[in-house]
Structures are given as C-alpha cells and as structure tokens.
Amino acid sequence: MILVTGGAGFIGANFVLDWLAQGDEAVVNLDLLTYAGNLENLQSLDGHPRHLLVQGDIGNRELVAPLLAQHQPRAVLHFAAESHVDRSIHGPGDFIQTNIVGTFHLLEAVRGYWQALSPARQAAFRFLHVSTDEVFGSLDAEASAFTEQHPIVPNSPYSASKAASDHLVRAWHHTYGLPTLTTHCSNNYGPFHFPEKLIPLLIVNALAGKPLPVYGDGLQVRDWLYVKDHCSALRCILQAGSPGQTYNIGGNNEKTNLEIVHTVCALLDLLRPRADARPYSSQITHVTDRPGHDRRYAIDAGKLARDLGWQPAETFDTGIRQTVQWYLDHPDWVAHVQSGAYRDWVQKQYRSD
Ligand code: NAD
Ligand code: TYD
C-alpha cells in the first residue's frame, strides 16, 4: 500500500481517485482537513475497502510514526501543504509551519520507519515530494523555460516555504540515503479545484454574475497542466524515477492570465449563456496587482519525456473544456465549498476592489 498526505485537497484527491481506479493497491490518506481539505472530493470513495482516511497533521510524529508502522507503506506521496500564494501574503505563518516544519517532522517519521525496514524493502521504498515550479522564481519574457538545473530563487512566502521543504528532502536523501523523488509541476486545473485559485474562481464568479478579478495588467504568464496529467506523471515518476532526482512536470501550455479569462468566458458563453445574452467577458475587472507578483513561469519537462517517456494526454483546449463542464455539472459541490469561511476569504482579498 501507499500513504498519501493531503489527499483531500485538489491534487491529492484527484491522485487518490485515479490511483484506486487504476490499480489494486490500498491508500492511507493522511489529511488535516484544513479549509482546503474537502471530504466531498472523496465522496465517491465512501466505504471503499482500499481507502482509509486519517484526519491528522503531518507534523504530528506521535500520529505518523505508528501509522507508518501499522500500515507498512512501500511509498509516501507528500501533497499536504498550504498552497495559495495570496493567503501566504496575508499570513505566512501557517506556510512555515506546515510546509517547512511539517515536512521536517514527516521526513523524520519516515526516516525512522524506513531505517527499520529490511534492505530489500529499504531499496524499494520511495518518498515522493510534490513541489512546484514557483520555487524557480520569475522568468523574463524571452528567457528559456525552467529546467531542473535552474537556480532556486523563490519570491513569495508560499514558494519560499516550498523551496525550503525541497531542500530538506534533498538533504534527507544526501545525508541519510532516504530514496526521495522531488517533482516541480506547473499550475494545475481541473475537477475539485478550490475556487480561491484563478480558474475555478473565474467559473464560479462568472456564473454568479460577479466581477472576474484580473490582477494588474493580466499579462502574467503561467504554464497550465490538467490535474489528471499531473497525477499520471506522478505515477510514472514513482514507478520509474531514480532516487535523489528531481523532475519537472508541465503541460507545454504557456498562457497569459487574460488569455485564460477570455477562454473561460468563451466556453461559458457557449455552454451556459447569460440570461441577457451578453458575453461573460463583460464581467472582467482589473484589480490591484498581487505584491511581488511573479511575471512568468515556464516549464521544460524534457527530462521527464526523455528519461521516463511521459507526455500529457490533454491539450489546454480539451482540459479546460472538461473543467468548465465539470463545474457546470457539480453545482452542489460548488455551493458547499462557498461556505462562511470561503466568503470571509473573498471579502478580505477583494474588499478594496
Ligand atoms: P490544496 O491546498 O488544495 O490541498 C492541500 C491539502 O493538504 C488539503 O487537503 C489540506 O487539508 C491538507 N493539509 C494542509 N496542511 C496539512 C497538514 N499540516 N497535515 C496534513 N494535511 C494538511 O493543495 P493542492 O493544490 O492540491 O496542492 C497539493 C500539492 O501540490 C502542494 O504541495 C502544492 O504545493 C503542490 N502543487 C500545487 C500546484 C497547483 O497548481 N495547485 C502546482 C504544483 C504543485
Ligand atoms: P493562482 O491560481 O493563485 O496560482 P499561482 O499564483 O500559484 O500561479 O493564480 C494564477 C494567476 O492568476 C496568477 O498570476 C495570479 C492571477 N490571479 C488573478 O489575476 N486574479 C485572481 O483573482 C487570482 C486568484 C489569481
């Protein structure tokens, strides 16, 4: 079996659902169920014989060490994190606590477990650390995409905390020999994405007739990857990646934020036209830019393609269409995530605009 941390969040839940659908191995899912952890993401697994959800903190060694000893996973996939850049600007403390201190405690619990395994099981064990392209900082318009050799120069409290956790993982491999794999993925989108992030925020605001907030000039560039392609890359790296290595994961889909907004609006115009037949783009509103906003991210995923043969299955056109359709098909999920706590966040973040 495998142990997943953060498997009730956006990417973790997609990973757990795909994992259970595609194989016969069980998953222990350790998640603190913060505001970002959502049991409704896992509703289809109610009563599933190979899924065990354990509510708890990755930083709680008294919980994690016995959990590992009891379930004897052959791998740990570490998704759990505070993940939203804007929240990290308002309050970096939780990011330091979970992403750095929490990852440290998790690594120590895993090291204790791993060191007690037989040599054969030690060799087969993997700790896969799910990180982000944001640790590489910001690129100029003409600069080459991030390779695995790019300097680690994070700019936001979020990316700095992720970079710190990457360094811990690297050191636990180098010093103790823990068989680690680290991945740097670009922006994900798809089902179960919490609507504090750009794409789901656009969809839910558009349908509610609210402004579509574009930070600054909207010409910032991100690479976008459909979440199920991220999950397939992680399965591939878990199976065939070399311990101690890092792998970039990307979708070859560099887009400005304005291109994203117009694409989402055009799809909604087609699939769910406004009652007054006006285009959803009429709701676009430019708002104050994010402090320290990274201008461009771009991922060179050539190593993953060359060494392990991985390619994304979806183009941006096919992935974004499925995503918009998923939100239209799941109004209850959307209504439930927009709880009191969510409304408080939206008020805090967008109040002056
Ligand atoms: P998310 O915020 O949707 O989910 C995070 C999950 O971790 C939640 O279920 C939350 O309850 C859980 N969690 C938080 N603190 C915890 C703790 N102390 N102990 C146990 N569980 C805890 O995040 P996501 O978008 O699914 O991202 C998952 C991982 O992928 C993160 O490590 C993130 O840095 C990385 N990543 C995300 C993206 C993206 O576009 N979303 C891109 C690249 C990498
Ligand atoms: P986000 O989804 O928060 O991901 P990240 O900051 O990790 O890349 O934001 C994606 C891009 O969209 C980023 O450049 C910030 C921008 N953005 C907006 O313009 N308006 C918004 O309301 C949000 C949430 C993001």
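The side chain of R296 reaches the backbone oxygen of A143 at 2.9 Å, a polar contact in the sense of a pair of N or O atoms within 3.5 Å. Within protein, one atom of such a pair must be able to donate a hydrogen and the other to accept it, and residues adjacent in sequence count only if both atoms are side-chain atoms. The side chain of R296 makes a further polar contact with the side chain of E254, at 2.8 Å. R296 sits in the loop between β12 (284–287) and α10 (302–308); helices (H or I, at least four residues) and strands (E, at least two) are DSSP runs, numbered from the N terminus. With a relative accessible area of 8%, R296 is buried, where buried means under 20%, exposed over 50% and partly exposed in between (1.4 Å probe, protein chains only).

The model is predicted, so to speak of local features takes a pLDDT of at least 70 and side-chain atom pairs count only at pLDDT 80 or more, whereas totals for chains, interfaces and linings use all residues. Residues are numbered from 1 along each chain as its sequence is written, chains are lettered from A and ligands numbered from 1 in the order in which they are written, and side-chain values use heavy atoms, with hydrogens and water left out.

Turning to ligand 1, 28 residues lie around it, each with a heavy atom within 4 Å. Those that come nearest are I11, D31, S83, Y158 and K162. Backbone atoms meet the oxygen atoms of this ligand at several points: a backbone N or O atom of F79 lies 2.9 Å from one, and the corresponding distance for T34 is 3.0 Å. For G37, a polar backbone atom is 3.5 Å from an oxygen atom of ligand 1. On its own, ligand 1 has 840 Å² of accessible area, of which the protein covers 96% (Shrake-Rupley method, 1.4 Å probe; for residues, only the protein chains shown count as cover). Two or more residues of the shell come from each of α1 (10–22), β5 (126–132), α6 (157–176) and β7 (187–189), and β5 gives the largest share, three residues.

One pair of bridge partners is N188 and L225, the latter in β9.

Ligand 2 is surrounded by 16 residues, the closest being E134, P213, R290, H293 and Y350. An oxygen atom of ligand 2 is 2.5 Å from an N or O atom in the side chain of E134, and an oxygen atom is 2.8 Å from such an atom in the side chain of R222. A polar backbone atom of P213 is 2.8 Å from a nitrogen atom of the ligand. Taken alone, ligand 2 exposes 520 Å², and the protein buries 97% of that. Both α7 (198–207) and β8 (212–215) give two or more residues to this shell, with β8 giving the most, three. The shell around ligand 2 divides into seven nonpolar, four polar and five charged residues.

Terms used: Pairing = 2+ DSSP bridges. Nonpolar A, V, L, I, M, F, W, Y, C, P; charged D, E, K, R; others polar.
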